[in-house]
Amino acid sequence: MTPEPMIEAPVNDIEGNEHEHFTGTTWLKALIPCIMAHNRDNIDHEEDDPLLRNHPNQLIPSIELSIFNPNNLDPDVLNVDEMPSPRLFRTHLPYSKLPESIKNDNSSCKLVYITREPKDVFVSLWHFMNSISNAEPCPTMDEEFDSFCKGIHLFGPFHDHVLEYWNESLKKPEKILFLRYEEMKKDPKGQVKKLAEFLGRPFVNEEELDNVLWRCSLERLKNLQVNKNGLEPCLGIPKIAYFRNGLVGDGKKSLTKEMQERLDQITREKFEGTGLDLQVI
């Protein structure tokens, strides 16, 4: 059972919930702080760009991996009670394991959830885990794929995780924004505009929107000096490991036909009748 972190959420906390590894979540961890810190009086000013000096993980601390992790390697992790408002957090926890103070209808804490097509999720996760693993020999892709299909995952079965947030987002659209990575790639302006409005920081013109999209683009993030070298301070993972290719449809290129059919069948069965479709056309 996943332990539930004891954290009290004030009315204006914002939490990023993620079940996609790892380009989509890293993109979201860049977008949200950039939107929240945006200076409308001087949109091109470098002092207003938190991404120049911080890896995205440092801008939105993880509830379970940094704040409540006794093995956290980051000496500068903040006391949650001392964080300025609005406080930004991220987590991989299932909705059912979130603190009640976050889920409570009386709280104005908002949740942003991002996911993507399951085959792409697995391939992205596979590459990420191999890039940071010291295990010898590493598990084969077939072994890891079998575990993924059986729901063996650090934060619970993928499909169940997604469905919890999807169902809650239908009940509470003003509290939970459910994003699909493929839609963000297809229509970045429309999706990021929707994100900013949900966060209560709508853009006043196209120039503001374009500036945030440029700052948070994968190519720029990959080439920023702060992300190219060194280790992410929380877990000691190479910073560059969080940036790969960001492509949609990578799963079809990397998995055999049999693997694709197996995972597609599981996805159809799990999502049947829910109104949720993560398939890439």
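Helices (H or I, at least four residues) and strands (E, at least two) are taken as DSSP runs and numbered from the N terminus. On this basis the chain contains 14 helices and six strands. The structure is a predicted model, in which local features need pLDDT of at least 70 and side-chain atom pairs count only at pLDDT 80 or more, while totals for chains, interfaces and linings use all residues. Residues are numbered from 1 along each chain as its sequence is written, and side-chain values use heavy atoms, with hydrogens and water left out.

Of the 281 residues of the chain, 53% count as buried, where buried means under 20% relative accessible area, exposed over 50%, and partly exposed in between (1.4 Å probe, protein chains only). Among contacts in the chain with a separation of 6 or more, 78% are accounted for by residues 24 or more positions apart; a contact means heavy atoms within 4.5 Å.

Helix α9 (residues 188-198) packs against helix α10 (residues 206-215) at an angle of about 100°, and their axes are 10 Å apart. Axes are lines fitted to C-alpha atoms, for helices over the stretch in contact, and angles run from 0 to 180 degrees between N-to-C directions. Helices α9 and α10 are therefore roughly perpendicular to each other, the class that covers 65 to 115 degrees; angles under 35 degrees count as roughly parallel, over 145 as roughly antiparallel, and the rest as oblique. On the α9 side the contact is made by P188, K189, V192 and K193, and on the α10 side by E206, L209, D210 and L213. By class, this contact has four nonpolar, no polar and four charged residues. Ala, Val, Leu, Ile, Met, Phe, Trp, Tyr, Cys and Pro count as nonpolar, Asp, Glu, Lys and Arg as charged, and the others, Gly among them, as polar.

Three cavities of 30 Å³ or more are present in the structure. On a 1 Å grid over the protein atoms alone, a cavity is a set of points where a 1.4 Å probe fits but cannot get out, and lining residues have an atom within 4 Å of a point. Grid points are joined across faces, edges and corners, and a volume is the space filled by probe spheres set on the points. The largest cavity holds about 50 Å³ of space. Ten residues line the largest cavity, and R116, S124, R244, N245 and D250 lie nearest its centre. Helix α5 (residues 118-132) supplies the largest share of this lining, three residues. The lining comprises two nonpolar, four polar and four charged residues.

Helix α5 also contains M129, which counts as partly exposed at 42% relative accessibility.

R180, in strand β4 (residues 176-180), counts as buried at 15% relative accessibility. Leaving aside residues up to four places away in sequence, R180 touches T115, W166, L276, D277 and L278. T91 lies in strand β2 (residues 88-91) and counts as buried at 1% relative accessibility. The C-alpha atoms of T91 and E64 are 6.7 Å apart, at 27 residues along the chain.

F155 is located in the loop between α6 (141-149) and α7 (158-171) and is buried, with a relative accessible area of 11%. Beyond residues up to four places away in sequence, F155 touches E64, H92, L93, P94 and H161. F155 and P94 are 61 residues apart in sequence, and their C-alpha atoms are 7.0 Å apart.

Technical notes: 1 Å grid on protein atoms, 1.4 Å probe; cavity = no way out; pocket = protein on both sides within 12 Å on 5 of 7 lines; lining within 4 Å.
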